[in-house]
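Here are my notes on the structure you asked me to look over. Please read them with the coordinates open.

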Amino acid sequence: MQRLDENVLVSTNQSGEPVRFLWRDSNYKVRARPIRWFARRDWWLEASRVQRGVGPGVLEVEIWRMLASEGDNSAKKTQFEIAHSQDAKNGKNIWRLVRVYD
Amino acid sequence: MNGFTHLHVASAFSGHYGVTRPETMAEAVAATGSSALAITDRDGLYGSVKHIGACLKLGISPIVGVNLIILDESGSPIARSVILAHGHNGGKGWAKLCAIVSAAHTSRGRAGQLRKEAQIGIKRSLLAQLLGEDGGCTILLGPDSDVGRAALNGPRQLTTSLLSAWREMFKAPGSLGIEVVSHLTEPGTAYSTDQARAMLQLADSLSIPTVLTNAVRYLEPDDALTADVLDAARHLEPLGLFTPQPNAQAWLKPAILMHAIALEICGEASRALQLLDTTERLADRCRLEPVSDCGWGKPKTPEKSALGIEGNPFEILWQKAHAGIEHYYRGANAALLAQVHHRLGQELITINKLGFATYFLTVADVAQMIRDMKIRSQARGSGAGSLTNYLLGISGVDPIEHDLLFERFLSTERSTLPDIDIDVESARRHDIYRAIFKRYGSNRVTLLSMQSTYRGRGAMRDSGLALGLEDEEIDDIAKNMWRFSARSFRGALETKPELSALAAAVDEDRRMNLLVDITERLDRLPRHISMHPCGVILGDESLLQRTSVEPSGLGLPMSQFDKDDMDPMGLLKLDVLGVRMQSAMAYAVREIARVRGETLDLDNIPRDDPDTFKTIRTTNTLGIFQIESPGQRELTGKHQPTEFNDLTIQISLFRPGPMKGNMIAPYLDGRHGFAKADFIHEDLVPILKETWGVVIFHEHVLRILNVMTGCTLAKADEMRRSLENPRVAPQVKKFFHEKTKERGYSQAVIDRVWEILEGFSSFGFCKAHGAAFALPTYQSAWLKTHFPTEFLAGLFTHDPGMYPKRLLMAEARRLGVKVLPLDVNKSTDEYLVESEGIRLALTEVQGVSENEVARIIEEQPFKDIADFYLRVKPTRRTLERLAVLGAFDSFGGKRRSDEPGDDPEITRGDILARVRQLNAIKNRPASEANQPTLDFQVLERIPTGNAEPTMTEKVAAELSLMKLDVSEHVIELYRPMLEEMGVVNANELVGLRNKSEVLIAGVRVATQTPPMRSGKRVVFISLDDGTGCSDSTFFDDAQARCSNILFNNRLLLISGKTRRTGVRGVSIMAENAWDLREMWEQWSKARPQFRERAAG
């Protein structure tokens, strides 16, 4: 297992589940229904403000675990975990690849 | 399927766990159209009454349960489970829930001693026994149960056998269920969908019903941050040192999200629907019908048999009250007697209509019991307005003489149980509690609890702990947090000068920024439950089926409900308040009897003694109840009271309401003839003549409404209450305008009176309350005037006031009452009056144990130091301290050996040397049987040639070991500097011209920041310099100049201008303040002869 923290470009379906993503110039296709959960952050080490109404994003992060394979090669499936959050300023989706299980 | 009922919800009353108040949660649920909501606080029913009340108001069904730890036979926890009461069964479910919760707490206090470390929890076998064959509650096994944990990673066989074990024990229909929860945590961990699914499958295989909850602990995801901080406070560890909650999913999710979770767990729609349906069916079973299930609103008073009466309670009350007329109005003229009979008749009719006869008999019974115990007592509050209370001996104030109204206390327009508060000697309060338990039986009595909430400093301290700040850092910040709500901490940083250092730190230090944010989040959250300082609940035999109880610090059982829960639950609360002044006065009376052989009935002294009022008018009111504060002293100087009613008025005026309502100045102007009293209309003259036209009392408002509109006094009190409520106030306005017009008042009069009534709303004060307070005020002033020595001895012993004891000692010096030094042959655990003065008590010496004090008293008298050493067996520290403070000085004096050439006097230095010899003995005397071989019986030989300590050294020792300066005032140490600087004494201020520039020094005795009309903060600092007290006022500019010492330093030098406030009143408008010791450092550097002087 490899820990990373890299931006990835993710396409989702209508329910918001990732279906494919672009990482290090390669295209990956999600091969099975991804699993979603919520992990937490140690906000006391990172955050600068936690005032009332700051929102759960300071504490919580959505993680998607998925089996995906590069390009059309469906033989070699790898497990990835991608963290999903929203930019506090512009509301844009931020996807970061955090783990790869080789 | 639509809707979803949450069955597992911790409110903020789950101490250091839940985040949201029950009312807020119920409102949120009602707004989404749900029809029911549960509350399941941890370890108790703490929030349940508020929850039920909110649900009733919102028209949804309340459900109540508890979240308890269940233990195995060895006492180890096997589950933390929700237990829900079933409803609509005549109170069976509720009573069982109460019994279960109470049982979970009894293991902590069985021996009458609270064991804090003991776990709150109930053994599974006991739980099964309490539920019995017929059930009444449902236990839910969730993710935190042995079954839930095994379902996550245990072998299937184990999980099945664990669940079977539960099923075997809980056979009553509907008493066991599985609770599945998914907080969408990482797969394979607790509170994950995986776990929920495994539990569901297991339950299905054993055909045990399964419900879905969200194990809620906050309203919204944002609140999860607050929950993190509460977790830290509960663990007493900083964040990062314990396993935190997995994410922010434990919020009160709407139905649509709960349905999605059901689907995610079940994987298919039909099973999901079934899960949701089972949840709703359990919810339906648990909907409570508050009146029939919880006894909601039904008054419960002790049964006649418990009160020892037979027959109709009202007839008995009637007889008792009329018998009181004989006693209290003996020799009254016919007109007064007619008035008494008429009024009593009216009151009794009201009491009978409300069905409160038993209530009054109960309170009278308790009051009689207290009197029989020879304990001073006195009713306070609006109850003093009742003639019935006066005649039953509950209150000591004659409502007819003082013109107090019954309707303010009780009327047929309201049906809530009235509050009668009884003030008693603080030192005897616990004796009274125990006597009440004994008299009525522990099945009818419990103590009341109270929930303390996070406020400024407490919130900051726990926030600091959560962030892992150092203790010193936290202490430094706490020192400067002064009178502001933690909710506006960030705003305060900008405006309060003493927080400027913290404000700068916040700009630079991320942690400080977080500290401010989370402190604001914690503000006002319930913090912990404790014994209410005065409340006792008196009920009937069903009391313990209505409320859960837990052991209090006192060992007696305490209800988990607080004072706001009493009225809704129909519980009778009696406030038995411990008042130190009552103890001090009782002590003075006992000393007067002991020393002078005079018996004194303080409740029957004349209430118009001119000397007593003369004492009060000097403003030397230190030690007098209610009027000793700096503000009250200033007001006394302006007011110059001459009769009892003046005290009632003065006490009532010095309240936040009347101060904000600007009632003081017009009243004083009228009284002193500076302005002509304006009564607006001649009808109001009789009502307002006592206050020169100023409306101060609730009773004034009642009478004005009564006279001008013709309504009853009872109706008038309802209108007075309505005035405080902006929604109904317009109706009162309409009524007032219409009625007064009908009755022929001019528009100008109507408008002006209405303006006053409207402005009055929350500002006024209940006169009965003021009069009840004025009684101990007068009594203490009377004692101070006629028996100052005994009274001061009472004050020293029971410490009733706001000031440090050393200030009262300065007052004793001023009055010429001597405080005698410690003497092991004469000092006890109390301040005894002797012919010379008042003897210091041994209890003042720090580090001397209670046992040592008890042994000294028991073994007195002693013939020499060795005798003391042998019989008391003091610790080395105690022996040395007593010697340093001069407690053995009486063994000194002339030497008993007359060897020629010796110094004839034995000094304290010699005695100390002797004590050190004794302390050097290795084999200290251990017990009577094991006497050391040393021969102590020979004439004690005291070493000679050691110097007597200087006055400076004596005072320094007194201050450090007793926090008292007995030999002379501490300020004397600085005298040379103060004289050179031209510092003025406090007693000289009154002779100075207005606006004189002065310097004043002294020991800080009080710091106050009272509410001000303008909303600006003003700081009052009182200093004592041995000649009296000076009061300085710091406005914004001055606060800024000395912000670093404003709230910190003890010895201060203040510069400012005098300001005359009345005949005898002078205060100082402060310009700046300095640390006196620092100044001394500077000053004495240049004057080496004084260097050592004020080192202490």
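This is a predicted model: local features need pLDDT of at least 70, side-chain atom pairs count only at pLDDT 80 or more; totals for chains, interfaces and linings use all residues.

1. Overall form of chain B. Chain B holds 46 helices and 23 strands. Its radius of gyration is 34 Å, close to the 31 Å that the globule rule gives for 1096 residues, so chain B is as compact as a globular protein of that length. Along the principal axes, its C-alpha atoms fill a box of roughly 110 × 90 × 65 Å.

2. Burial and contacts in chain B. Of the 1096 residues, 49% count as buried. Take the contacts between residues at least 6 apart in sequence: 71% of them join residues at least 24 apart.

3. The largest core. The largest nonpolar core has 314 residues. Which residues have the most contacts inside it? They are B:L37, B:I63, B:L97, B:A588 and B:A1001. Helix α36 of chain B (residues 767–786) gives the most to this core, with 10 residues.

4. Around B:A1001. Leaving out residues up to four places away in sequence, B:A1001 touches B:I971, B:Y974, B:L978, B:V983, B:L1023, B:D1025, B:L1052, B:L1053 and B:L1076.

5. The barrel in chain B. Five strands form a closed barrel, in the order β19-β20-β21-β23-β22, with mixed pairing. The twist averages 55° from one strand to the next. B:K1057 stands opposite B:M1069 in β23(B).

6. Strand β6 of chain A. Which strands pair with β6(A) (residues 60–70)? One is β4(A) (residues 26–30), antiparallel, through 3 bridges. Here A:Y28 has A:E70 as its bridge partner. Another is β5(A) (residues 35–40), also antiparallel, with 6 bridges. There A:W37 stands opposite A:I63. β7(A) (residues 78–86) pairs with β6(A) in the antiparallel sense over 7 bridges. In that pair, A:L67 stands opposite A:Q79.

Definitions and conventions. Residues are numbered from 1 along each chain as its sequence is written. Chains are lettered from A and ligands numbered from 1 in the order in which they are written. A nonpolar core is a set of buried Ala, Val, Leu, Ile, Met, Phe, Trp, Tyr and Cys residues joined through C-beta atoms within 7 Å. A residue is buried if 20 or more other C-beta atoms lie within 10 Å of its own, exposed if 12 or fewer, and partly exposed in between; C-beta atoms are placed from the backbone. Helices (H or I, at least four residues) and strands (E, at least two) are DSSP runs, numbered from the N terminus. Two residues are in contact if their C-beta atoms, placed from the backbone, lie within 7 Å. The radius of gyration is taken over C-alpha atoms; the globule rule is 2.2 Å times the number of residues to the power 0.38. Two strands pair if DSSP finds at least two bridges between them. Axes are lines fitted to C-alpha atoms, for helices over the stretch in contact, and angles run from 0 to 180 degrees between N-to-C directions.
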